[in-house]
Amino acid sequence: MTGISKSFSGVQALKNVDLEIAAGEVHCILGQNGAGKSTLIKTLAGAHLPDAGTIEWNGEHVSLHSPQDAIELGIATMYQELDVVDGLTIAENIFLGHELAVGGFLRTGEANTRTRRLLERLGHGDLSPSREVGSLSAANKQIVSMARALSHDTRLIIMDEPSAVLDGEEVKNLFRVVRELTSAGIAVVYITHRLEEIREIGDRITVLKDGRSTANGLDVSETPTSELIRRMTGREVENVFPPATPVPDDAPLALEVEGLSLDGVFHDVGFTVRAGEVVGLAGLVGSGRSEILETIYGARRATSGTVRANGRSLRRGSVRDAVRAGVGLSPEERKSQGLLLDEPIFRNVTLSSFAKFARGGFVDERRERRIATEQIDALELRPADPDRPARTLSGGNQQKILLARWLVNRTSVLLLDEPTRGVDVGARAEIYALIRELAANGDAVVVVSSEIEEVLGLADTVLVVGDGRILTTVKSDQIDEHQVLDLVMKGTAA
Amino acid sequence: MSESQSQTIAPAEAGSEAPQPQPRRRFTAKGLLSGSVGRNLGLILALAALFVVGAITAGDRFTNIDNILVIIRLASIIGVISVGMTFVIIGGGIDLSVGSVMGLASVVATLSAIQAAADNSTWLVMVFTALAVGLAAGFLNGFVIAYGKVVAFMATLAMLVAARGLAEILANRTTQVVRIPEFIEFMNMDLLGIDMLIWIFVIVAVAGWILLNRTTFGRRTVAIGGNREAARLAGLAVRRHTMYLYALAGLTAGIAAVMILGRTTAGTSTHGTLYELDAIAAVVVGGTLLVGGRGTITGTVFGVLIFATLTNVFTQNNLSTSVQAVAKGVIIVIAVLLQQRFAGQGSKSH
């Protein structure tokens, strides 16, 4: 691809970007959210038509007018939001759009056989082709998505942040599959935020910043990390985790959780968070981390136990009661649980507080807009336009909307579920700094993350969760990543 | 309450500085297209096209001011119901029961007026009875949907059948004629040359517009319809508000019952038959998304006017109601197609 440009309703998303991919290589695309990665790959996948620039495929000029064109050339795409249909079986998903049929009758047997072969190739021969996709884990859905990509005669696979929903073990399997593909001469375009993954799997890197390519086809093994970060952000990022302000021992207890249980998910969870303290929950996907947060918040009704926020007992199963007591949750799935995607930024920011700003039931949009703008400035939310629909923002900026929402609402206990999922390195550092600043201002913060490093770097106190229980509670400087993993794997109290 | 309500992390300079002038949207053709005119452009064009057809085929009979008032009067009852329906649909629901609730309200109201003897002061009792019946049926719908977690389609379908049946039982399949001169006089009163039915429609539409665009009630409606889970996790009382939405739809059905009593001076169980479909068609043609989260009262008013104008054009040309029905169907499809053309640019691409 040479000189690709694309703009959306006046916003230039890509400016003169070049990208060259060799057969059999893993080509990583690196860039902050909003740098233009998604637009670039969508152009390559035929979902967007570039305004300028040309695409050559095996030496020939091609123009991709639809995803179908790209697929016919042998370009397959695995999008970030897994695009599988939950109600269909694995085989039906894989042959969706190019069903195997004779005279309109589906050849289910043949489809299942071929599906089994594809799944075996991906190291997942254990999955039955006739299983419904809705019952699969995120990792397995991704396998289905990959099998679909391979069901065509594919020469190039684009993977948009495939590791975002995966655990360590699953990422290893993903890498194994990627290596097999490349050894068969298939090129892989790999998009990720995690630099260490690029080190492990990548051959060459293209870096995007603000819609321009700042590096083209750099050799992974010869480029130091600091160089990549500099090209990505235009500045040096040294210490990702800001220093913690020590919490005085006499700081008031902001959140007290006692004997909290949710039948079949977790049992007898108890911990306290002082004002100004950051507590991290570490554990594997499925360990009950997110459910604990949601139950504290009242989004799930606890079977037993009590939660007190700022000294006040919260009613079980009542989000409104929690919000009134000064608790706020930033949910795991930002888009589906947190945002009104078609509504402007400012209304998303004031979603929990617009009634407070209203006079006699009449909303005061001018005031809301002004208050949202203050937060936009304070959190350096980009674009700094309160009227822009939330849908158009990058993951990091959408996360900032959620933080802003609770700041506006004067929340003093923040529950953050995966605050940096789908957020790039530069914006991550900003969000870490924000969280620490909130704590320094006296807020109590509970963070859940699948990245153990993040929990350890960010939190004052770490709770290791496994098997629906708290395995251990420890100061974050007295434990390292391996010990946490060890505990989690054993699944028993230390 | 002042700006210090909100807590910012940065040094609190933002609040103390002179407020920065809001960048005003430039008044360009493009800006206009993305504004309210542009959103309703398909509707304006459709309405204009109907007027042209009417003017050509029926001439003065169509274009004179009295006929225009006839059109709006024709639109008024469905219009009031459609305003309530707009809220329910924006909130992510549907109400199939409004037509039969309207019939039930008309029967109960006339019965109560007859029971209370032909005392002239009872017409207010009749009006309040109609509103109360509508409101109660709406609350019942809302309660079953919000707290009983019954799908709105089924819950209101059940109400559609049950309310009609109850109206038949109460009315004993007879028509209850009301002869309260004050009521008839009031409903046929002219204000500034415009009669009561139209005024009621205008008042309900304006009130609906304000409620949707300027109040916390409207904001909650859009939020819940746009992303129910996000609204819940933000601490909104989703279930309670859902119940209120159906209550509001029921209330508009009650108002519609009063209007039809004024027009026909009789309550019968067949009032409002199939009105729910006309209302849903008007709302959707008006650009409100059936999945919720987006919609306008202005669009709904246009939708109602388009159907009323269509009916009038056909009547003026002595065409049968069957032909009308076919044309209605065509209009629904065309209007929705146009709507997507014009509204689609600004929103999501897929």
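Residues are numbered from 1 along each chain as its sequence is written, and chains are lettered from A, with ligands numbered from 1, in the order in which they are written. Because this is a predicted model, local features need pLDDT of at least 70 and side-chain atom pairs count only at pLDDT 80 or more, while totals for chains, interfaces and linings use all residues.

**View 1. Chain A comes in two domains.** Domain 1 covers 2-233 and domain 2 covers 253-490; the bounds come from an automatic or database domain assignment.

View 2. On chain A, 37 residues are in contact with 29 residues of chain B (contact means C-beta atoms, placed from the backbone, within 7 Å). Several helices of chain A each supply at least two residues to this side, among them α10 (319-324), α14 (365-378) and α16 (425-440). Helices (H or I, at least four residues) and strands (E, at least two) are DSSP runs, numbered from the N terminus. Which helix gives the most to the side of chain A that touches chain B? That's α14(A), with six residues. Sorted by class, this side has 19 nonpolar, seven polar and 11 charged residues. Here Ala, Val, Leu, Ile, Met, Phe, Trp, Tyr, Cys and Pro count as nonpolar, Asp, Glu, Lys and Arg as charged, and the others, Gly among them, as polar.

**View 3. Two helices of chain B cross.** Helix α6 (residues 65-90) of chain B packs against helix α15 (residues 275-285) of chain B at an angle of about 65 degrees, with axes 8 Å apart. Axes are lines fitted to C-alpha atoms over the stretch in contact, and angles run from 0 to 180 degrees between N-to-C directions. Residues making the contact include B:Ile78 and B:Met85 of α6(B), and B:Tyr275 and B:Val283 of α15(B). By class, the contact has nine nonpolar, two polar and one charged residues.

**View 4. Strand β11 of chain A has a partner on either hand of the pairing list: β3(A) and β12(A).** Five of the six residues of β11 (204-209) are buried (20 or more other C-beta atoms, placed from the backbone, within 10 Å of a residue's own). Five bridges join β11(A) to β3 (residues 26-31), running parallel, and A:Ile29 has A:Thr206 as its bridge partner. Strands pair if DSSP finds at least two bridges between them. With β12 (residues 212-219), β11(A) runs antiparallel, and A:Val207 stands opposite A:Ala215. These two strands form a hairpin with two residues between them, and A:Asp210 in the turn has a positive phi of about 50 degrees.

Conventions
Two residues are in contact if their C-beta atoms, placed from the backbone, lie within 7 Å. A residue is buried if 20 or more other C-beta atoms lie within 10 Å of its own, exposed if 12 or fewer, and partly exposed in between; C-beta atoms are placed from the backbone.
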